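Q: Hi! I've got this one open on my screen and would like to talk it through with you. Can we start with the strands?

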Amino acid sequence: MNAPVDQQEITGTADRAMICTADHRASSAGLAILRAGGSAADAAVAANAVLAVVAPHRCGLGGDLFALVHDRPGPPAALNASGRAGSGADAAALRAEGRRRMPVRHDLRSVTVPGCVDGWLALHARHGRMPLAEVLKSAVLHAERGFTASPGLVAACRDAPGGDGLAWPSRPGEQVRRPGIARALRAVVAEGRAGFYQGEFGDGLLRAGRGLYAPSDLAEPCAEWTRPLGVRAFGHDVWTPPPNSPGHMLLAALAVAAGLDLPDPADPGWAHLLAESVLAASDDHGQERGREREDAEALLCPDRIAALRAAIDPARHWRRRGTFPSGDAACVCAVDDRGMSIALQQSNGTGLGSLLFEPGTGINLHNRGAGFTLAPGSPAEYGPRRRPPHTLVPVVATRSDGTFRAVLGCPGGGLQPQVDLQILVRLLRGAPPEDALAAPRWRLAGGLGPFEAPQGNTPIRLDLQAGAPDGWARGLPGRGHLVRTAADDEDFGEAQLIEAGPSGGLRGDGPCPFTLPRVR
C-alpha cells in the first residue's frame, strides 16, 4: 500500500470503514483516524490536510473546499467552503487596464479569500469525534519533519517562487519541509479560525492585498451548510452541492441520460448518447454561471430535462463548438464504522493556483477568482464579496429508501461532470466500482486551457482514452464527432469511489484506498 502518487488504481473491500485518496500518505493518515474511532469527517479532514502539505500542486490551505456528508437516510448535507472576493474587487478597474478577462496567475485579484480552513473547521464542529489536534497531527508532522517529493510536485514547482525559506524540490525523492504550514496548522489547533484568518496567514494576505481585502473579509467565515441538489436516475437519488458548484451540470446530464435507450458500453452509441447528454446539459452553462440555487433548480425541472432529451439525435452529434476547461483538485472519499460517509473536494484552481504565496507561511494561493467574468452586468461579474463560479463536484448517491449507496469524487475542472457521468451510469446500472472506474472513457475537448473564456468558434472534439472499445473509434465519426485516440499518458480523470453493498460491506476503488476490516 506504500505506493507513490498516481499509481494504478487499487481495489479495496472492508466491513467497517474505508478511505480513498490519491496519495498513500493521506490515506494512511485518514485510516489512523478511523482506527482510533474518528468519524468519516475527521478522517477526510486529516487526509486533506496531509494532501495540503505534500501535494500543494493539487490543493492547500490557500484554496477552497466543497463536501457532502451523509449520516442518516435521506439527502446528505452540503458544505460550501468557497471564499468571496475582497471588498476592494473592482471589475471596472480591470477593464480600464484593457483586460477582457480575469487574470489567471501572478495577480492577487484572482485570489478570493481561501475557504479551506473554514471548511475543515465546519466539518469538525458538526461531524467530528476526535480532538482537532489529533486530526491535524499527521499533517503537522509531515510539514515539520519533511516528506518525499513526488514527480507531480517536482513538475509543478519548476517555476514556482518560494516562501518562508521554502526550497522547492528539483527531483523526485527529495525531502521537503514546510515549516510555515506547520505553524499555520498549529495556530488553527490552538486558536481556531482566528489563528489562521487573523493570524500570520491573514495578516500577510492583508498586507499583500494593499486594500484588496478588508479585515472584515477575513473575519466572516467562508463555510456554509446548505441543502444539496438532487435528481432521480437509474433507481437512485444522486446529490451534488448547489451553486456556486456546477453540480447541476452533472445532475442534468445524468437525468437526461437516464431516459435514453442506452446500449451496451462497448457500442459507440453509448459514448455518443452520454456525450450528447453532457453537451445538452451544458448548452447554456455559460449564461447560467454564477447564478443562485433557484436558477439551478429551474435547470433541473422535469420539463427542461425532457426537452433536452428530446433534442438529442441518437444517430447524429448536434453541437460542434464550445469549451471544456481543465483544472486540478484533490478528492477524499471516506465511510466510517457508524455509517457516516463523505465526499470532499479541495482545490487551488489550477496546479499551484495563482503562483502567488503568502510570504510568511509560504502557503500558495489559489486562483479561483479567475472564474469570474469582466462582462458588465453578468451574474458572474467580478465584484466585492462575490463567490466565483467553481468546478468542484463531490457526489453522493442514495438508494430509493434514502440509504447510502456511494460517494464519488474526481478532479479535472470541466472534465468532472463527464467522468462522473460515465462512472455513475456504469455503477448505478450494476457494474462493480473497480469496473466503473477502470473502464476506458471519452472526454470532450474544446482546445482551451484552464479558465479560458468560452469561444463560439472552438470545435468540440471527442477524445478516446487508450484502450477504448474499437467500436467507438469506428462508429463515432459516422455520427458526426471529431474523434482522436489519446496517448497512454493523457489525463481522463483520477476518481475515488466507495460503494456500500445492499447487504453490508464496503467496496472502493481509486489510487490509494485504505480499509479498516471488521474486528473478529
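Q: How do S16 and S17 pair, parallel or antiparallel?
A: Antiparallel, over four bridges. S16 covers residues 442-445 and S17 covers 461-464. Bear in mind that this is a predicted model.

Q: Which residue in S17 is the bridge partner of tryptophan 442?
A: That's leucine 464.

Q: And the faces of S16, which residues are on which side?
A: Trp442 and Leu444 are on one side, Arg443 and Ala445 on the other. All four are buried, so both faces of the strand are covered. In general, side chains in a regular strand alternate between the two faces of the sheet.

Q: Let's switch to helices. Which residues of H6 are buried?
A: Ala139, Val140, His142 and Ala143, in a helix that runs over residues 137-145.

Q: Why do they end up on the same side of H6?
A: Because they cover an arc of only 165° around the axis. As a general point, an α-helix has 3.6 residues a turn, so residues three or four places apart point the same way.

Q: OK, the core. How many residues does the largest nonpolar one have?
A: It has 84, and Leu61, Trp120 and Tyr382 have the most contacts inside it. H2 gives the largest share, 13 residues. Apart from this core lies another of 54 residues, among them Val238, Ala296, Leu308 and Val395.

Q: What is leucine 61 in contact with?
A: Setting aside neighbours within four places in sequence, its contacts include Ala52, Pro114, Trp120, Ile181, Phe196 and Ile363.

Q: What is the phi of phenylalanine 234, then?
A: Positive, near 50°. Phenylalanine 234 is in the loop between S8 (229-233) and S9. Leucine 355 also has a positive phi, about 60°, and lies in the loop between S11 (341-349) and S12 (356-357).

Q: Is leucine 355 buried or exposed?
A: Leucine 355 counts as buried, because its relative accessibility is 16% and the cut-off is under 20%. Phenylalanine 234, at 21%, is partly exposed.

Technical notes:
Residues are numbered from 1 along each chain as its sequence is written. This is a predicted model: local features need pLDDT of at least 70, side-chain atom pairs count only at pLDDT 80 or more; totals for chains, interfaces and linings use all residues. Side-chain values use heavy atoms; hydrogens and water are left out. Buried means under 20% relative accessible area, exposed over 50%, partly exposed in between (1.4 Å probe, protein chains only). Helices (H or I, at least four residues) and strands (E, at least two) are DSSP runs, numbered from the N terminus. The arc is that of the directions from the helix axis to the C-beta atoms. A nonpolar core is a set of buried Ala, Val, Leu, Ile, Met, Phe, Trp, Tyr and Cys residues joined through side-chain atoms within 4.5 Å. Contact means heavy atoms within 4.5 Å. Two strands pair if DSSP finds at least two bridges between them.
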